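Me: I would like to go through a structure with a few questions. Please show it first.

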Amino acid sequence: MTFSIQDIRFHVLPMRTRFPFRYGIASMIGIPHLFVTADLVVDGKPAQGLASEGLAPKWFTKNPESSLELDWAEMIAVIQNAARIAENIALKPVGYFAWWQDLYAEQGRWAKLRSQPPLLANLGVSLMERAVLDGLCKAAGQPLHRVLKTDALGIDLGAVHEELRGVQVKDVLSPEPLARVAVRHTIGLGDPLRAEDSPGLNDGLPETLADSIRAYGLRYFKIKVTGQIEVDIPRLHQIAEVLEAGCPQGFHATLDGNEQFTDLASFREFYDILAADPALASLFKSLLLIEQPLHRDHALKDDVAAAIAGWKDGPGMIMDESDGSLTDLPRALELGYNGTSHKSCKGIVKGIVNAALLKVRAPQMARPPILSGEDLANTGPVSLLQDLAMMALLGITHVERNGHHYFRGLSVYSPEFQEAALKAHPGFYRRHELGFPTLDVQEGLIDLTSVNSAPFGSAIPIDAEQFTALKPWIMSGGMAALQ
């Protein structure tokens with residue numbers, strides 16, 4: 001299967017959260033949701049692919065000094081540059097993997113010259129590879145899992161890491177995509193926990209942690225911490241009380257360190273204080289893993305190896321923000337980390353390569369490898385579904401999903417669009433009592449039947465031309481209006 005790219009276009013739908021979501025050094029109240037449309041010619045026939053991403057500020061760079069408008073401008077510049085490269089490489093018919101290799105390498109060179117971090121640079125790569133992959137799946141008339149298990153994309157894992165020579169993509173993926181995944185609900189640093197904390201939205205959706213547990217039957221949770229004992233302990237006490245009351249049959253939790261520490265000794269001291277607190281016993285008994293406690297500037301330094309090796313009874317620890325390039329997971333495993341996170345903004349091919357590396361390295365690892373499913377606030381009708389299609393193929397059984405909590409379903413879209421979404425994805429979306437489509441979470445699970453049967457996650461017919469073109473949106477002051 002070969003393709004050429006005729007055009008790549010960008011459109012924006014501004015979106016506002018139901019209430020502020022504090023996830024570290026930023027509180028998100030609104031984001032531009034960017035749609036990427038790629039016009040292709042696949043094996044001589046026209047096709048069109050689509051990808052999208054909510055451009056959340058501060059996660060890719062964690063720069064406290066920059067304005068949100070500058071953060072968005074940097075993200076857009078990175079994405080536009082990736083589009084330029086993607087088009088140039090595919091002026092003539094090219095295979096998917098060869099195209100991706102050149103795109104990844106050239107974007108990396110460009111980013112290095114401009115001191116852009118790999119995590120941000122690869123956001124652009126990811127959006128291009130998703131848009132093209134969507135078009136290829138549509139052209140083939142096949143869902144993602146069938147396309148990936150053939151050699152149609154020509155993905156050569158050994159060309160990325162020599163130790164993967166001979167490993168096939170089909171050997172890495174689940175025999176069949178998971179039919180259901182559990183929602184791991186993020187408890188943000190400022191999220192309301194009980195009725196007395198409620199922001200009083202009265203918009204038809206759960207507002208507090210306690211409300212969400214009752215409404216969705218949640219059993220998996222991701223808890224963010226500030227790294228400040230005097231702040232975290234009182235809040236963790238409240239969280240533990242809500243989880244114990246709402247989940248009498250038990251729950252599972254992960255702890256997000258939010259890059260708050262510069263050395264592992266400091267984090268270990270913080271962790272030991274929390275773990276010794278009797279009021280937090282249920283929380284730490286349920287703990288599955290620790291996510292990125294060290295700042296990305298320190299997480300992959302040489303001294304981390306001895307610190308991890310010396311923490312014999314410590315929790316499983318993974319990277320998230322530090323996993324910006326293809327060389328980062330091999331480095332992390334050498335230092336003693338247990339794995340990394342998968343999220344579509346890091347890349348589809350990169351996610352498959354990381355899964356393969358963890359599978360190959362597993363027999364030599366002191367602890368079982370971890371590939372977790374993470375996400376900031378992924379939403380439909382494209383990004384969320386494409387991301388879940390990959391999670392199901394990678395066999396990730398519980399995934400951080402919070403877009404349905406921070407945004408009011410698909411209510412921002414037109415009534416006609418909402419009806420199309422409900423028709424295309426029954427069981428995944430449901431009609432809320434107030435009429436709009438919302439994610440259908442039952443007993444803490446999402447049904448992925450319709451996602452797995454769609455070409456690349458989403459079967460909703462979408463013409464991104466209905467949204468505002470990127471340049472006019474910027475010129476009209478759209479970025480400033482979202483702050």
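Reply: Buried means under 20% relative accessible area. The model shown here is predicted.

Me: Is F417 buried or exposed?
Reply: The cut-off for buried is under 20% relative accessible area. F417 has a relative accessible area of 5%, so F417 is buried.

Me: How many degrees lie between the planes of Y413 and F417, which form an aromatic pair?
Reply: A pair of aromatic rings is described by the distance of the centres and the angle of the planes. For Y413 and F417 the centres are 4.7 Å apart, and the pair is stacked. Y413 counts as buried, at 5% relative accessibility. The angle between the planes of Y413 and F417 is 20 degrees.

Me: Which helix holds both F97 and W100?
Reply: F97 counts as buried at 5% relative accessibility, and W100 is buried with a relative accessible area of 2%. The two residues are 3 apart, about one turn of the helix. Both F97 and W100 lie in helix α2 (residues 96-113).

Me: Which residues do ring pairs link into a cluster?
Reply: The structure holds 17 aromatic pairs. Ring pairs make a cluster of F261, F267, F270, Y271, F284 and W311.

Me: With which side chain does the side chain of H11 make a polar contact?
Reply: H11 is found in strand β1 (residues 2-22) and is buried, with a relative accessible area of 4%. Leaving out residues up to four places away in sequence, H11 touches several residues, among them H33, A464 and E465. The polar contact, at 3.2 Å, is with the side chain of E465.

Terms used:
Residues are numbered from 1 along each chain as its sequence is written. This is a predicted model: local features need pLDDT of at least 70, side-chain atom pairs count only at pLDDT 80 or more; totals for chains, interfaces and linings use all residues. Side-chain values use heavy atoms; hydrogens and water are left out. Helices (H or I, at least four residues) and strands (E, at least two) are DSSP runs, numbered from the N terminus. Buried means under 20% relative accessible area, exposed over 50%, partly exposed in between (1.4 Å probe, protein chains only). A polar contact is a pair of N or O atoms within 3.5 Å; within protein, one must be able to donate a hydrogen and the other to accept it, and residues adjacent in sequence count only if both atoms are side-chain atoms. Contact means heavy atoms within 4.5 Å. Rings of Phe, Tyr and Trp (its six-membered ring) pair if their centres lie within 6.5 Å; planes under 30 degrees apart count as stacked, over 60 as edge-to-face and the rest as tilted.
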